[in-house]
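Please keep the structure open while you read.

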Amino acid sequence: LAVKLGNRSDQDPIPLFIPLRQPMPNTAFFSDHLLDHSRRLILGRAGISIVVVDDNQLRKSLATQLAAEFGSRVVHESTAPETNGVVCCSCSWWLDNYQKLPAPEQLILGILPIPSLESPLIAARVKSLKRQGKDWFRDLLLPELIDTIPYIVEPIRKSQGRIAILDGRVRSRSWGKIVLHTFEPWTPLNRLLPD
């Protein structure tokens, strides 16, 4: 006897594009990598693309560079994109506003939305865990990321879109497998082919 719980769209594998040999977000050439792959992912798309980058400066720079190429299709944290628009936003903005947007065709995760130590609350919790001699990344930041991913992915899964992860840590860090497991069910998208 096999029982499937949840609705059908929650069980269909989502196409997941993770290029090989990606740089880490803290490298000098990561912004070029992010721009190049975002450009390739957006090119020829008929629907809405969401580009999630939590680093404010990097996100605004990316939005500006994409707007130079794609024009008014590119908006920064706006709920009124064109039919084939590109919305550059933070993870928190996406989670707060996705219901106000038309169903997106793709989600591009430029950088994994790991909680930032710039947040006073996160910094205080990390400091407390350090004092206790605990692994603050695996005990706090990673679980926070894992808890957030299903909410980020849900609108894309419902619209039967695709997801691209451009953060090199997914493939190079040991915890990347845990992160990928959170996207289950998914199927690898190895090439960006025209529709």
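1. Glutamate 154 is partly exposed at 28% relative accessible area (buried means under 20%, exposed over 50%, partly exposed in between, with a 1.4 Å probe and protein chains only). Its salt-bridge partner is lysine 158, with the closest N and O atoms 3.0 Å apart (the rule asks for a side-chain nitrogen of Lys or Arg within 4 Å of a carboxyl oxygen of Asp or Glu). Both residues lie in helix 5, 4 residues apart, or about one turn of the helix. Lysine 158 is partly exposed too, at 49%.

2. A word on the basis: this is a predicted model, in which local features need pLDDT of at least 70, side-chain atom pairs count only at pLDDT 80 or more, and totals for chains, interfaces and linings use all residues. Residues are numbered from 1 along each chain as its sequence is written, and side-chain values use heavy atoms, leaving out hydrogens and water.

3. The mean pLDDT (the predictor's confidence in each residue, from 0 to 100) is 89 for the chain, and 93% of residues reach 70 or more.

4. How many salt bridges does the rule give? The count is 7. One of them joins arginine 39 and glutamate 69 at 2.6 Å, N to O. This pair links distant parts of the chain, helix 1 and helix 2, 30 residues apart (helices are DSSP runs of H or I, at least four residues, numbered from the N terminus).

5. Arginine 125 pairs with glutamate 144 at 3.4 Å.

Definitions and conventions: Helices (H or I, at least four residues) and strands (E, at least two) are DSSP runs, numbered from the N terminus.
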